[in-house]
Amino acid sequence: MGLSEEIKRRRTFAIISHPDAGKTTLTEKLLLFGGAIHIAGAVKSNKIKKTATSDWMEIEKQRGISVATSVMAFDYDGFKINILDTPGHQDFQEDTFRTLTAVDSVIIVVDCAKGVEAQTRKLMNVCRMRNTPVIVFVNKMDRNGNNAFDLMDELEKELNIRVRPLTWPINQGDKFKGVYNIYEHKLNLYTPSKQVVTENIEFKDINSPELEKHIGEEDAQQLRDDLDLINGVYSDLDVNEYLAGQVAPVFFGSALNNFGVKELLDCFCKIAPSPQPTQTVERIVKPEEEAFSGFVFKIHANMDPNHRSCIAFVKVCSGKFERNVNYKHVRHNKLLKFSAPTCFMAQRKETVDEAWPGDIVGLPDSGGTFKIGDTLTSGENIHFKGLPSFSPEMFKYIENDDPMKAKQLAKGIEQLMDEGVAQVFTNQFNGRKIIGTVGQLQFEVIQYRLLHEYNAKCRWEPINLYKACWIESDDAEALDNFKKRKYQFMAKDKEDRDVFLADSGYILQMAQTDFPKIRFHFSSEF
Ligand code: G4P
């Protein structure tokens, strides 16, 4: 197969949801279809259970699991599907944001009883920034939940996107009878089972009395009324609108019972985008270009404390990646070749000889060679964009707790920040380093990893901060004036950019009003 065939058959996506909506269960069912696993229960959730926040062994164990399930690739019906896993715990949402930059589309799982929850809303905002196409799977229809039309309204309002149901549920909870597949005109009857895939019944004429025989009088009438309403309210699915991120097809089912999953997968293969062009600072890179290029969107540390090594996850953006071929590490301006690149098939990690656009390759890195956002190419000097850091929400001063180990600490902080564990800012007034995170758990992870991987001890000291935001201005004098006025609250990020540390929402608002020539940014890419 040539480059363009390989591109056409690839689908690289992520499943996102609020914890417990059923992401792991759905992933597992998709892998079962691909024949990548053979039994239910084989995919372990990588979520860090709420009770485990202080249980280090547990977190380490779970982090170990999450490397195995970071990317799950499988073949299905001639397609090569790459599912990129995202951490369930909200304290690691930066990781999820970055993973979303490496996918071409997204499936959102929503619990039918809980509707759109906080984390789904947040992640959807990230999808919207890039107009990522989304498909919604309303899960747990075997349980009593909200009325399906109310859910549609909620999805539209909360996710800020138009929806178009492609299947429609027939009752729910104990009385759940199945779904009607609107776009294929098929009736899909439900039998509760974790393994069996139900057969679809061709059902073109919904007014046929046959319908009563299958689902009873009441539900048949309700379904007809519902479908009338759907056809009146929602326009037909326009795939181009879906691809532009303007409309989201919606499916109903029960991941646990493997119900409605095949419909989702089949439609996904048909309409979801193959690898898309990627923006670099210099130009747009098309997947069909012969020359290889890719970027690092995730770095995962090895759990072996005696041997610090990482895997850098590279998304192939164009051309063919090959083992043992020299590629340019653009930031270091150096040629590197990789003798043991890995790919991820379900839960196995295998050495690969080649990879194509849309694929993820794991590159072993023992010496801090890579950091998030690095570009690899066949030789061209380009820099991929779109991996922003977001303004953190929690801050602490990091202090050295062992004077003999200052060097180790500095190196550890630098490498952990390159991995994207958190962000470091250096206060320009007192020279102290501030670590910014989105959750408490990250502070614990940093302290633990500094000790175990770098033999360095750190201590946290409180700092009262509300937000860190990147600032810029077209007016050099205005910028200088701002920095002088706020000198106690100015910091530099890792790339030496100016960051304003606001200690309250009020102070930030005042600064925005008082200094109209300054632009305040809440993500590092502007
Ligand atoms: P997550 O990755 O999104 O966090 O969710 P996960 O798949 O782990 O599912 C969360 C819980 O919801 C699990 O139960 C799972 O079995 C259940 N679940 C998933 N899909 C369905 C469904 O279609 N119907 C019903 N009734 N339940 C579903 P758990 O008790 O937390 O875990 P487990 O002991 O079953 O593994």
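Tutor: Happy to: we will look closely at helix H4, then visit a few other places in the chain.

First, some ground rules. This is a predicted model, in which local features need pLDDT of at least 70 and side-chain atom pairs count only at pLDDT 80 or more, while totals for chains, interfaces and linings use all residues. Residues are numbered from 1 along each chain as its sequence is written, and side-chain values use heavy atoms, with hydrogens and water left out.

The protein chain has 14 helices and 31 strands; these are DSSP runs numbered from the N terminus, helices being H or I of at least four residues and strands E of at least two. Of its 526 residues, 56% are buried, where buried means under 20% relative accessible area, exposed over 50% and partly exposed in between, using a 1.4 Å probe and protein chains only. Among contacts (heavy atoms within 4.5 Å) between residues at least 6 apart in sequence, 71% join residues at least 24 apart.

Now to H4, residues 93-100. Eight of its eight residues are buried, so H4 is largely enclosed by the rest of the structure.

H5 (residues 118-129) packs against H4 at an angle of about 30°, with the axes 10 Å apart. Axes here are lines fitted to C-alpha atoms, for helices over the stretch in contact, and angles run from 0 to 180 degrees between N-to-C directions. That makes H4 roughly parallel to H5, because angles under 35 degrees count as roughly parallel, over 145 as roughly antiparallel, 65 to 115 as roughly perpendicular and the rest as oblique. On the H4 side, the contact is made by Gln93, Thr96, Phe97 and Leu100, and on the H5 side by Lys122, Leu123, Val126 and Cys127. These residues divide into five nonpolar, two polar and one charged.

One of the covering strands, S14 (residues 293-301), holds Ile299. At 8% relative accessibility, Ile299 counts as buried. Leaving out residues up to four places away in sequence, Ile299 touches Cys310, Ile311, Ala312, Phe370, Lys371, Ile372, Asp418 and Glu419. Its C-alpha atom and that of Ile311, twelve residues along the chain, are separated by 5.7 Å.

For another helix pair, turn to H2 (residues 23-33) and H10 (residues 261-271), which pack at an angle of about 70° with axes 10 Å apart. That makes H2 roughly perpendicular to H10. Leu26, Lys29, Leu30 and Phe33 in H2 meet Val261, Lys262, Leu264 and Leu265 in H10, a set of six nonpolar, no polar and two charged residues.

H2 also contains Thr27, which counts as buried at 4% relative accessibility. Beyond its neighbours within four places in sequence, Thr27 is in contact with Ile15, Met72 and Ile83.

Note on methods. Ala, Val, Leu, Ile, Met, Phe, Trp, Tyr, Cys and Pro count as nonpolar, Asp, Glu, Lys and Arg as charged, and the others, Gly among them, as polar.
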